[in-house]
Amino acid sequence: MALRYKDLEALSARQIEVWAPDGTPNLYAFARSTGRITWVARIVVGGKRVNFTIGPWPEVKAEAARAAASAIKGLVKAGHGVQTIRNALAVTLDPIALSQIVTGERVSSRNATPTFREAATKWFEEHASGGISNDDYRRQVFQQVRDHAFPALGERPVNALQRSEIVDALRDVWLGTQTVGKRLRSNIERILDYAVDRGWCDFNPCPPVRSMPSRVRIIRHHAALEPERAAELWRWSTANPDLSAPARAGLSLALLTGKRSGEIRLMEWSHLDLKRCIWTTPALGMKTRKEHRQPLSTPALAVIDGIRTETGRHRYVLGEPPPHENVLFNAIKRFDPSLTVHGLRACLGSWMAESGVRKMVADFVLAHQPRALDAAYQRSDLLEERRDVLEKWASYVTSH
């Protein structure tokens with residue numbers, strides 16, 4: 001039996017905590033010990049009883065509470081979220097307006113807010129289709145949205161979308177295929193920006209990149225030449241008639257000095273002090289943007305002397321213009337397709353570690369950026385100690 005006004009007055013006067021059923025399914029008048037009464041709809045959602053606060057009595061009359069309770073029950077049965085319904089209750093108790101808010105319809109409009117599928121289609125027709133010149137890519141943009149976003153988001157009104165459900169919809173593709181995941185998230189953001197511009201929603205719920213699930217990054221280093229094969233590469237590069245002079249000299253210097261490919265290709269005759277056997281790379285030519293002096297071993301000097309007859313009149317040691325990066329890249333691939341020129345630096349690094357070379361000396365040989373504290377106290381570049389290390393390395397490489 002429905003609670004009457006005098007029943008509610010009596011309940012308030014008792015000043016005890018009690019849940020009084022109204023008679024309307026799922027509607028209760030919750031009385032507190034203070035005498036205050038609140039209308040609450042109690043509905044089972046996902047196997048658990050959930051309370052939906054409708055409002056206080058007598059400010060909210062019994063008829064309004066009963067109508068709201070019926071509307072809430074219908075919205076729960078239709079599968080709408082608890083928090084979405086609670087948010088709508090904070091705005092209105094009118095059953096029609098409540099339903100419109102929860103289902104994505106604007107109270108001030110008779111027309112339903114477009115679903116994500118409809119907004120995406122309009123965005124593609126008005127913006128993306130004309131702004132992408134490549135036909136295949138244009139089709140791919142919409143296909144990715146259709147395949148990965150529509151199944152979970154397609155029928156959701158754009159003004160009802162939550163950031164968490166977009167994250168959930170993109171999770172698998174974001175973690176599985178990085179390029180597609182990034183592009184898809186970016187296009188969803190554009191679609192919802194378009195929806196905001198059209199007045200279909202008040203803000204864009206698309207999650208920023210920082211809100212997406214973290215990927216487990218697998219770090220893959222350049223393949224390195226084993227120190228035991230260094231002599232094999234030396235013999236191959238110095239005796240191979242198919243290699244050009246710049247490729248032969250560049251590969252040999254990379255092996256003997258541990259310098260980076262770009263530093264070798266752009267080495268100038270003016271950088272060399274052949275009397276003191278020092279090669280100085282200016283700061284602009286270094287990855288660390290600090291000038292780097294590298295002692296030249298006897299075999300390295302012989303390599304430089306061997307190419308002088310061909311390039312001595314030019315600015316660059318390996319010829320004018322300096323060779324393209326692919327010259328050294330292709331040369332090392334001919335020796336072993338799994339290797340890169342950078343892997344020769346790792347080869348020298350491994351040999352120094354196995355030979356007991358001090359880490360600070362090895363770092364100066366490979367021109368690694370020192371830690372700030374080390375740099376503050378270590379002002380010497382340990383040139384002579386490095387000279388001894390590189391001479392022993394050259395002997396190891398050329399005498400095997």
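User: Which residue does D363 meet in a salt bridge?
Analyst: This is a predicted model, in which local features need pLDDT of at least 70, side-chain atom pairs count only at pLDDT 80 or more, and totals for chains, interfaces and linings use all residues. Residues are numbered from 1 along each chain as its sequence is written, and side-chain values use heavy atoms, with hydrogens and water left out. A salt bridge is a side-chain nitrogen of Lys or Arg within 4 Å of a carboxyl oxygen of Asp or Glu. At 2.9 Å, N to O, the partner of D363 is K359.

User: Why are D363 and K359 separated by about one helical turn?
Analyst: Helices (H or I, at least four residues) and strands (E, at least two) are DSSP runs, numbered from the N terminus. Both residues lie in helix α16, and the separation is about one turn because they are 4 residues apart.

User: Is K359 buried or exposed?
Analyst: Buried means under 20% relative accessible area, exposed over 50%, and partly exposed in between (1.4 Å probe, protein chains only). D363 has 22% and is partly exposed. K359 has 62% relative accessibility, so K359 is exposed.

User: How many residues apart are E126 and R198 in sequence?
Analyst: E126 forms a salt bridge with R198, with the closest N and O atoms 3.4 Å apart. E126 lies in helix α5 and R198 in the loop between α9 (178-197) and α10, so the pair ties together parts whose separation in sequence is 72 residues.

User: Which cysteine has the sulfur nearest to that of C201?
Analyst: A disulfide is a pair of cysteine sulfur atoms within 2.5 Å, and by this rule the count comes to 0. C201 is buried, at 4% relative accessibility. C201 is in no disulfide, and the nearest cysteine sulfur, 11 Å away, is that of C206.

User: What is the bridge partner of A41 in β4?
Analyst: Two strands pair if DSSP finds at least two bridges between them. Strands β3 (residues 37-45) and β4 (residues 48-57) pair in the antiparallel sense over 9 bridges. In β4, the partner of A41 is F52.
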